[in-house]
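Student: Could we look at this structure together, one question at a time?
Tutor: Gladly, here it is.

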Amino acid sequence: MTGPISLDLAWQRLLNYATPLASERIPADECCGRYLADDVIAQRSQPSHDLSAMDGYAVSGDEPWSVVGESRAGLPYGASLKSREAVLISTGAHCPAGTDAILIKENAVLDGDMVRSSETPSPGRHIRRQGFDFEYGQTVLSKGIAIGPAQIAVARSAGHRSLSVGRQPTVAIIECGDELVADPQNCPPDRLPASNGAMLAAMAEGCGARIIRIGPVSDEADKLAEAFGNAAAADLVVTSGGASVGDHDLVRPVLLELGAEIDFWKVAIRPGKPLLLARRGAQVILGLPGNPVSSYVTAFLFLLPLIRQMQAANSPLPHAHFLPIATAIEPGGERREFLRGKFGEKGIIPITERDSSALASLSHADVLIDRAIDAPAAKAGMAVPCYIL
Ligand SMILES: Nc1nc2c(c(=O)[nH]1)N[C@H]1C(S)=C(S)[C@@H](COP(=O)(O)OP(=O)(O)OC[C@H]3O[C@@H](n4cnc5c(N)ncnc54)[C@H](O)[C@@H]3O)O[C@H]1N2
Ligand code: MOO
């Protein structure tokens, strides 16, 4: 039996394993949370003309100016300005050709159809130049980025009604364990409400997956094989529990029986050592440990990156932020460890509970603190790598 592999190696293998699914074109307005399958090229310049950034007067030459018309947003003044002419202008309206400056309304002194300034407007000030935001033909959004509200807005502004995005994977979640009951309000004293399936489904769905829930499945090889059969249509199958070395831990033996290729089993992290990556035909299989916190942490580190990668994300792994800790942390151990932490006024407060079954402490966590193997003790105030949950 080979030993656990490092997290970095496991991540490298994971990213080589899953390829992006086919792309699809959908309305830009429905793209929040999706990943771009192609670069987005501007079909127009923004702004398409020089625009006023303020309400006031577009003026040409020296004062006083005679007011010859109006330029409104969407209703431009049709002619050029001559020297000593002005038009009333609104924010977002075209500056007529010949505009030298914008006299803001607050500094305008009207006298019949003439206008003067109480403060001379500086040339070019308050004029948004054509194409200053982006130019026609420019790449405004790059392939592989996550689409959020700002990206939807820029795509529309660049003239796109629809966008090409990675297809969302179907993820089947199989919960294993004789002790698990589906209904938490009907749980005999010797059993346990199944909680990992719902937790993993919420995590995967939040990352864009379409979910199939299977189980809880009892610890019997034929039942687990049947569950894999029911998951045949999924792009990715995630199991929870039965990943370790116990007599009733059946995920690995059943997968071998079904002819799956196992890439790795066991990663040197805490929590979450018994973790399995396999492939069966085009289907990727991720076996997560049953302990609830291990399940959460390994889903965060492996399941969510797989889902992002399948949707064409260019940066699917979680990103660490260096944040100061409010209290000291003891030296790291022989596995890379992910400690729960929460936001506090003086920095991240490490949560002392480290048991991999302790869900209440997980529910208080805002971050996972990444502690390297044999990391030296960290004093209060030191910045440590954290993953925001
Ligand atoms: N001899 C060894 N024993 C164990 C090792 C080891 O290396 N040698 N590793 C330990 C570690 S680390 C972990 S993590 C667990 C993982 O075990 P399994 O993936 O086989 O999980 P189970 O045994 O099925 O369950 C563990 C624990 O979690 C509870 N559980 C399981 N599924 C759910 C669920 N869907 N909802 C809520 N709770 C669940 C289950 O009742 C158990 O208490 O193995 C260690 N053992
Ligand atoms: O990973 Mo186990 O997750 O250390 O309890």
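**Around the two ligands**

Tutor: By class, the residues around ligand 2 are one nonpolar, four polar and two charged; here Ala, Val, Leu, Ile, Met, Phe, Trp, Tyr, Cys and Pro count as nonpolar, Asp, Glu, Lys and Arg as charged, and the others, Gly among them, as polar. This is a predicted model, in which local features need pLDDT of at least 70 and side-chain atom pairs pLDDT 80 or more, while totals for chains, interfaces and linings use all residues. Residues are numbered from 1 along each chain as its sequence is written, chains are lettered from A and ligands numbered from 1 in the order written, and side-chain values use heavy atoms, without hydrogens and water.

Student: Which residues surround ligand 2?
Tutor: A residue is near a molecule if one of its heavy atoms lies within 4 Å of it. For ligand 2, that gives Pro271, Gly272, Lys273, Asn291, Ser294, Arg335 and Ser356.

Student: How far is the polar side-chain atom of serine 294 from an oxygen atom of ligand 2?
Tutor: A polar contact is a pair of N or O atoms within 3.5 Å. For the side chain of serine 294, the distance is 2.3 Å.

Student: Which residues come nearest to ligand 1?
Tutor: There are 22 residues around ligand 1. By class they are nine nonpolar, nine polar and four charged. Those that come nearest are Glu175, Glu179, Ser195, Asp249 and Gly290.

Student: Which elements give two or more residues to the shell around ligand 1?
Tutor: Helices (H or I, at least four residues) and strands (E, at least two) are DSSP runs, numbered from the N terminus. The elements asked for are β13 (170-176) and α6 (292-310).

Student: Where is proline 216, whose peptide bond from glycine 215 is cis?
Tutor: Most peptide bonds are trans. The bond from glycine 215 to proline 216 is cis, with omega near 10°. Proline 216 lies in strand β16 (residues 210-217).

Student: What is the phi of alanine 312?
Tutor: Alanine 312 is found in the loop between α6 and β22 (321-324). Its phi is positive in a residue other than glycine, with a value near 85°.

Conventions: Polar contact = N/O pair within 3.5 Å; in protein donor to acceptor, adjacent residues only side chain to side chain.
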